[in-house]
Amino acid sequence: MKKLGILLLTCLLAVGLVGCGEDNKNDSTSTDNTELSGKVSLDGSTSMEKFVNGLKEAMAEKYPNLLLEPQFTGSGTGIQSCIAGTADIGNSSRALKDEEKAQGLVENIVAIDGIAVVVDKDNTIGRVTKDQLIKIYTGQIKNWKEINGKDQKIVVIGREASSGTRGAFEEILDVEEKCQYAQELNETGAVMAAVAATPGAIGYVSLDNVDDSVIALQLDGVAPSEETVKDGTYALQRPFVMATKGSIEEQNEQVKAIFDFIDSEEGQEVIKAVGLVSPK
Amino acid sequence: MEKEVISIIANRKTKSMVEKVASIIFVCCAIVSIVAVISITGYMIISGTPAIFEVGLSDILFSNVWAPTASHPQFGILNIILTSIIGVFMAICIGVPIGVLTAVNLAEIASPKVKKIIKSAIELLAGIPSVVYGLLGILIINPLMYQLELLIFKDSTTHQFTGGSNLISAIIVLAIMILPTLINITETSLNAVPDDYRKSSLALGASQMQTIFRVVLPAAKNGIMSAIVLGVGRAIGEVMAILLVAGNSVNFPLPFNSVRFLTTGIVSEMGYASGTHREVLFTIGLVLFVFILVINLVLTYILKKGDENGK
């Protein structure tokens, strides 16, 4: 009897736990978009996870019956599955290669990921070159005076492994697995605070996070801003591509709805909210 | 009329029913914590072991290369384990003398007025959220450490400057954080030492200090040991404070290196980790769990030995 009671209780608790796991269904259904239903599969870049999930959430409100099924396997895999037709959209956090375009893929740049290099307010350096930046982050330059700055040690601050910003930064500079960090912080805010508080510190953050507490360095003579990211002169950037097989007009209703949504005001909000620059 | 309904004494049947219901409620409450412990243990083992088979136990525990997102990922957590062990050990080394002597002061020497002030200070210390310790660490300890670092490694060409976020900062923060635990438990055990001991010692001509160090402290040995063990438990499980001050790069735990602890290792990478990387983070949790388990076993052993000595 006692055992049975315990068993029952355990089961009850287990059921309760499972119940917690279920998502609360969004019941704010806007009536005019309910007719569009179906599934769209997206596959690709892990860096785009935040953006795609943000998009998924925002779209769930407008199109309650349209289900986005994102997978995050990496840009290469995403592009391949889009070519193979197993995914409707291939997410890639790099520009498509020519041979990929030759296989019928169309490069739809939906957002741009810009990264600013920041130093503390008392730093006089103002600008770095890409080469100097690589040397700083790989530990070959340890003092600002080596690149005409003050006689001050460099404190190299970065993000934790598996952070999208770190992935992008290291990928663009081609320093993956070579960086020597003095501090690995797990939030953009923490990087900003540490850079602002530490004399001689250098760090990187998404472009939209830069504020007055730090100085954003010019890279190869180009100051980071939305404009320089858009026109491509600022080097620390990469496109977020949602590749489709054939142009958007050739896609089905559901896929078109996604791109329409991205172009809409709500879609642009999503891009901003996850710290990206709109290519428009 | 009403009295009949409420009274549990009036009616034998209601009385026995109330007894039964109450005992069932108590059993249920007891089961909650047992279920919690068993499910947590089970969950930790289930989610922590796949990575061990995938990566290999020795590649996780005895390798010091932590590169979870590299093209050939490596998941060696030796440096992280060593950091936790050394960090906690050093924090105990600093915290125990301060804590025990404070407790001696409270229990043996201080006047009631002083005692009241110290007591309330310690209570406040115990109540401060750990993230506040971390913030204070960033504001006070880190800049000081950076000055020290600049001084010591002025001419070094190989040292990587961390801006004061290093092992020492973490140790200092931890040492302060475990003080309340150490003081409270030590004081309780000192108070439990029979007054006859003190009186006999003093009557034999020993001074007060001699009495404290030769009679009272040895008599409270087991209590102090359990205070230390609980302090270790508190220190090893601490996250927020050291996340803010330790720098979080995986390095060998040298005093001025930026280091990562077991707890901060999990917290700092959980957000975006996926696949094997995520599973290894659970394995780190399992390692931490084993540490805590061992600490608890040691504590039980000490308490048991104390009981035997008492008899």
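**Terms and the values behind them**

Author: Among contacts in chain A between residues at least 6 apart in sequence, 73% join residues at least 24 apart. The model is a predicted one, and the secondary structure of its chain A comprises 10 helices and 12 strands. Buried residues account for 48% of the 280 residues in chain A.

Reader: What is the confidence for chain A, and which elements have the lowest and the highest mean pLDDT?

Author: The mean pLDDT of chain A is 83, with 88% of its residues at 70 or more. Among the elements of this chain, helix H1 (residues 2-21) of chain A has the lowest mean, 51, whereas helix H5 (residues 130-137) of chain A has the highest, 93. Over residues 15-31 of chain A the pLDDT is below 50, and this stretch has five contacts in the model beyond near neighbours in sequence. Where pLDDT is low, the predicted coordinates should not be read in detail.

Reader: What makes Arg238(A) count as buried or exposed?

Author: The relative accessibility of Arg238(A) is 3%, and the limit for buried is under 20%, so Arg238(A) counts as buried. Arg238(A) lies in strand E12 of chain A. Leaving aside neighbours within four places in sequence, the contacts of Arg238(A) include Ser47(A), Ser93(A), Asp113(A) and Glu171(A).

Reader: Why is Ser247(A) called partly exposed?

Author: Its relative accessibility is 22%, and partly exposed covers what lies between the buried limit of 20% and the exposed limit of 50%; Ser247(A) therefore counts as partly exposed. Ser247(A) sits in the loop between strand E12 (237-245) and helix H9 (253-263) of chain A. The C-alpha atoms of Ser247(A) and Ser163(A), which are 84 residues apart along the chain, are separated by 32 Å.

Reader: Why are H9(A) and H10(A) called roughly perpendicular?

Author: The axes of H9(A) and helix H10 (residues 265-273) of chain A come within 4 Å and cross at roughly 70°. Angles of 65 to 115 degrees count as roughly perpendicular, and the two helices are therefore described in that way. Where they meet, Phe261(A), Ile262(A) and Asp263(A) in H9(A) touch residues of H10(A) that include Glu265(A), Gln268(A) and Ile271(A). By class, this contact of H9(A) with H10(A) has three nonpolar, two polar and three charged residues.

Reader: How do you know whether Ser189(B) is buried or exposed?

Author: Ser189(B) has a relative accessible area of 14%, and buried means under 20%, so Ser189(B) is buried. This serine is found in helix H7 of chain B. Not counting residues up to four places away in sequence, Ser189(B) touches Ala220(B), Gly223(B) and Ile224(B).

Conventions
Residues numbered from 1 in each chain as written. Chains lettered and ligands numbered in written order. Predicted model: local features only at pLDDT ≥ 70, side-chain atom pairs only at ≥ 80, totals over all residues. Heavy atoms only, no water. pLDDT = per-residue confidence, 0-100. Contact = heavy atoms within 4.5 Å. Buried < 20%, exposed > 50% of the residue type's maximum accessible area, 1.4 Å probe, protein only. Axes fitted to C-alpha atoms, helices over the stretch in contact; angles between N-to-C directions. Parallel < 35°, antiparallel > 145°, perpendicular 65-115°, else oblique. Nonpolar A, V, L, I, M, F, W, Y, C, P; charged D, E, K, R; others polar.
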